[in-house]
Amino acid sequence: MFRWIFITVLSVVIFATGFWGYQEHQEKNAILVQAENNYQRAFHDLTYQIDLLHDKIGTTLAMNTKEKLSPQLIDIWRLTSEAHTDVGQLPLSLLPFNKTEEFLANIGDFTYRTAVRNLEEEPLSDKELETLKELHKSAGEIEDELRKVQHVVLEENLRWMDVQLALVNNDEQQDNTIIDGFKTVEEVSKGYSESMLSTNATGISNENHEYQFIKGKEVGKSEVKKKLRDFFELPKDLKITVTESGKGANLPTYSGAFQSDEEHGYIDVSKQGGHILSFMLNREIKEQKISLNEASQKAAKFLKDNGLADMELAQSSQYDHVGVFQFLYKDNDVRVYPDKVQLKVALDNGEILGFVGNDFYRNHHDRKIEAPKLSLEEAKEKVNPSVKIQDQHLAIIESDIMEETLAYAFLGTMDDETYRIFIDANSGAELQVEKMQSAEAKFQMD
């Protein structure tokens with residue numbers, strides 16, 4: 001009798017354990033599928049944006065009506081911005097992809113500067129037309145290479161997660177079709193950069209100012225492994241892989257990775273100074289036990305503990321059982337929007353799941369902020385009178401042509417919608433207007 005009871009209980013335990021293991025395996029797969037879907041979306045969006053970019057530049061060259069030219073150039077500028085965003089969402093941190101990003105940035109800068117001037121009084125010069133022709137040619141070559149990669153990705157069902165692992169582990173046996181394709185794209189962009197931008201045809205400096213404010217002594221792979229092990233409290237016997245960035249990368253970095261039965265994570269650390277640029281931890285998130293406000297306090301403590309002082313919470317939102325927070329650097333009473341960081345916090349135990357500090361380390365430096373020429377009340381008068389202002393502060397923001405500008409930021413409501421409006425603190429010009437998500441707006445006004 002007892003023997004049968006024992007066998008029954010044992011069977012139930014084995015079944016329950018198997019079901020738990022299966023469920024955890026399914027949840028891990030769901031996380032990987034979500035990451036893969038994000039990578040695939042960004043890649044196919046990038047290919048589509050480059051297609052449109054090539055067509056738009058060609059259309060611009062064929063135009064003869066000046067009043068239609070400015071909107072067309074603004075469209076090109078918008079497309080380059082979207083393409084640049086898609087590049088940033090791909091796992092390319094270990095590849096030297098700075099020339100392609102520079103190519104997109106320079107197209108955007110050239111078209112924006114050209115579009116905002118009076119083309120009736122100052123039409124495109126022969127030099128600018130030649131630049132557009134070269135841009136059109138290079139965009140076409142990049143389009144062809146991306147299409148080749150896209151065809152193989154779809155034909156052979158290649159996965160971007162495999163690319164990420166191959167880059168981190170330096171696996172030469174892995175199918176490198178995607179990696180080789182992007183290296184070719186980089187060569188095309190490099191050729192344009194060397195042949196055209198050296199003439200300063202776009203009217204901007206050809207210097208690469210990425211991460212120019214990174215400081216500190218260089219660190220080695222062993223220090224990165226220790227940082228990763230201490231940071232995630234990993235056991236000593238767990239394997240950690242650390243790889244250096246490719247030659248010619250914007251900033252020499254180390255990328256570390258680990259994987260255990262319960263979680264896996266990645267981290268990017270600058271070679272100079274050993275600064276954590278970003279990290280991601282994937283694990284099962286259980287039932288929520290802490291509030292969004294408590295999670296924001298844990299995020300603030302993390303920043304302080306890791307040497308990022310004088311940061312102020314700017315936005316807060318919640319997705320399932322995860323809190324997402326954006327912090328801005330505060331210089332006295334001025335909020336510096338370019339110096340921003342983003343964190344993800346688990347709402348089951350307050351663990352930091354993700355951190356992105358690239359913008360902070362790319363832009364942060366000592367600034368001499370002059371007093372504004374306009375008073376707060378004078379700037380308020382520039383805001384649409386239909387907007388009911390709830391909050392205001394001084395801020396440093398980046399203009400559309402990537403120049404830092406002192407502005408008044410106003411948070412207000414109109415027709416049950418919330419907007420953030422930036423007014424130039426010296427000229428009174430309306431710089432930007434953005435609609436806020438309800439969760440972000442409510443948090444900022446509380």
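Start by selecting Leu303, Val341, Leu343 and Phe355: these have the most contacts inside the largest nonpolar core, a set of 55 residues. Strand β7, residues 334–346, gives the most to this core, with six residues. Keep in mind as you look around that this is a predicted model.

Next, click on Leu343 and show its surroundings. Beyond its neighbours within four places in sequence, Leu343 is in contact with Ala299, Phe302, Leu303, Gly323, Val324, Phe325, Phe327, Ile352, Gly354 and Phe355. Apart from this core lies another, of 31 residues; to find it, select Ala42, Leu79, Val87 and Ile142, which are among its members.

Now for the rings. The structure holds seven aromatic pairs. One to display is Phe279 with Phe302, an edge-to-face pair at 5.9 Å centre to centre, with 65 degrees between the planes. Phe279 sits in strand β4 (residues 276–283) and Phe302 in helix α8 (residues 292–305), so the pair ties together parts that are 23 residues apart in sequence. Both Phe279 and Phe302 are buried.

Last stop: helix α7, residues 221–231. Which of its residues are buried? Color Val224, Leu228 and Arg229 to see them. These three lie on the same side of α7, because they cover an arc of only 130 degrees around the axis. To see what covers the buried residues, show strands including β1 (241–244), β2 (253–259) and β3 (263–270). Finish at Glu233, which follows α7 and has a positive phi, near 55 degrees.

How values were computed
Residues numbered from 1 in each chain as written. Predicted model: local features only at pLDDT ≥ 70, side-chain atom pairs only at ≥ 80, totals over all residues. Heavy atoms only, no water. Core = buried A, V, L, I, M, F, W, Y, C linked by side-chain atoms within 4.5 Å. Buried < 20%, exposed > 50% of the residue type's maximum accessible area, 1.4 Å probe, protein only. Helix = DSSP H or I, 4+ residues; strand = E, 2+ residues; numbered from the N terminus. Contact = heavy atoms within 4.5 Å. Phe/Tyr/Trp six-rings, centres within 6.5 Å; stacked < 30°, edge-to-face > 60°. Arc of directions from axis to C-beta.
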